[in-house]
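The following report describes how the secondary-structure elements of one chain are arranged and where some of its side chains meet.

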Amino acid sequence: MESTATPITLPLPLDQITGLIFDLDGTLVDTRSINRAALDMILAAHDIDLTGVPRPPQGTAFTDWVRLLTDHGRLPSGMSPERFKKLGERAVIEQAALAPVIEPVAALARWAHGLEPRLPAAVATGSSQPVAGALLTGGGLAGLFDAVITREHVTHGKPAPDLFLAAADRLAVPPHACVVLEDTDLGFEAARRAGMVAVDIRPYRELSCGPVT
């Protein structure tokens with residue numbers, strides 16, 4: 001018989017959970033250092049000054065970062081928002097294999113995949129499809145999920161519930177029976193709006209990866 005002992009304590013009994021939905025950046029993979037390095041690199045390369053630009057909350061997708069810079073007139077002259085977004089994605093993809101897996105959360109995904117019957121699981125992330133694919137592949141996690149929902153798939157990013165609702169829809173499970181794994185206030189609010197319960201994985205991340213220096 002398969003063990004029902006979970007690597008992370010879940011907020012609902014196993015027989016009441018029909019799907020797990022994982023955030024990616026900061027939840028499955030610790031991308032804090034590579035995201036910061038990528039953003040700093042492209043800002044410096046194009047001499048972009050962020051003075052007077054409100055810093056978006058942690059968990060804001062790069063697509064929404066680009067929109068913020070566009071709204072404040074900070075993109076380089078002659079560069080389209082789409083081109084700037086591609087530069088940021090490329091910088092992250094080039095370093096994707098350096099981002100450490102957050103092992104307790106990855107262990108939960110492996111556990112769900114190994115159950116019989118298997119517990120459906122999805123990734124719902126503000127990252128783009130190319131970035132998400134690179135991070136999951138780099139971390140050896142790509143085969144664990146039934147669906148990967150990225151920012152391109154929805155109209156609104158977190159804290160809107162769109163990503164999580166799209167993931168539940170793709171898994172064909174009711175939202176109220178999904179458990180979300182998250183690391184940001186934006187994500188917790190998105191889960192609440194989706195009618196889902198969430199687990200704060202930050203204590204597990206600090207145990208696994210330590211603080212960013």
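In this predicted model, Glu89, Val92 and Ile93 of helix H3 are in contact with Pro130, Val131 and Ala134 of helix H5. By class, the residues of this contact comprise five nonpolar, no polar and one charged. The axes of H3 (residues 81-95) and H5 (residues 129-138) come within 9 Å and cross at roughly 5 degrees, which makes H3 roughly parallel to H5, since angles under 35 degrees are counted in that way.

Five strands build an open sheet with the order E3-E2-E1-E4-E5, and their pairing is parallel. Strands E3 and E5 (197-200) are at the edges with a single partner strand each, so one side of each has no neighbour in the sheet. From one strand to the next, the twist averages 25 degrees. Within the sheet, E1 and E4 (residues 178-182) run parallel and are joined by four bridges; Leu20 has Val179 in E4 as its bridge partner. Helix H6 (residues 162-171) lies across E1, E2, E3 and E4, and runs at about 150 degrees to E2 (121-124).

The structure contains one aromatic pair, formed by Phe22 and Phe145 in an edge-to-face arrangement, with 5.5 Å from centre to centre and 70 degrees between the planes. The pair links distant parts of the chain, 123 residues apart, with Phe22 in strand E1 (residues 19-22) and Phe145 in the loop between H5 and strand E3 (147-149).

| Residue | Relative accessible area | State |
|---|---|---|
| Phe22 | 0% | buried |
| Phe145 | 11% | buried |

Definitions and conventions. Residues are numbered from 1 along each chain as its sequence is written. This is a predicted model: local features need pLDDT of at least 70, side-chain atom pairs count only at pLDDT 80 or more; totals for chains, interfaces and linings use all residues. Side-chain values use heavy atoms; hydrogens and water are left out. Axes are lines fitted to C-alpha atoms, for helices over the stretch in contact, and angles run from 0 to 180 degrees between N-to-C directions. Helices (H or I, at least four residues) and strands (E, at least two) are DSSP runs, numbered from the N terminus. Angles under 35 degrees count as roughly parallel, over 145 as roughly antiparallel, 65 to 115 as roughly perpendicular and the rest as oblique. Contact means heavy atoms within 4.5 Å. Ala, Val, Leu, Ile, Met, Phe, Trp, Tyr, Cys and Pro count as nonpolar, Asp, Glu, Lys and Arg as charged, and the others, Gly among them, as polar. Rings of Phe, Tyr and Trp (its six-membered ring) pair if their centres lie within 6.5 Å; planes under 30 degrees apart count as stacked, over 60 as edge-to-face and the rest as tilted. Buried means under 20% relative accessible area, exposed over 50%, partly exposed in between (1.4 Å probe, protein chains only). Two strands pair if DSSP finds at least two bridges between them.
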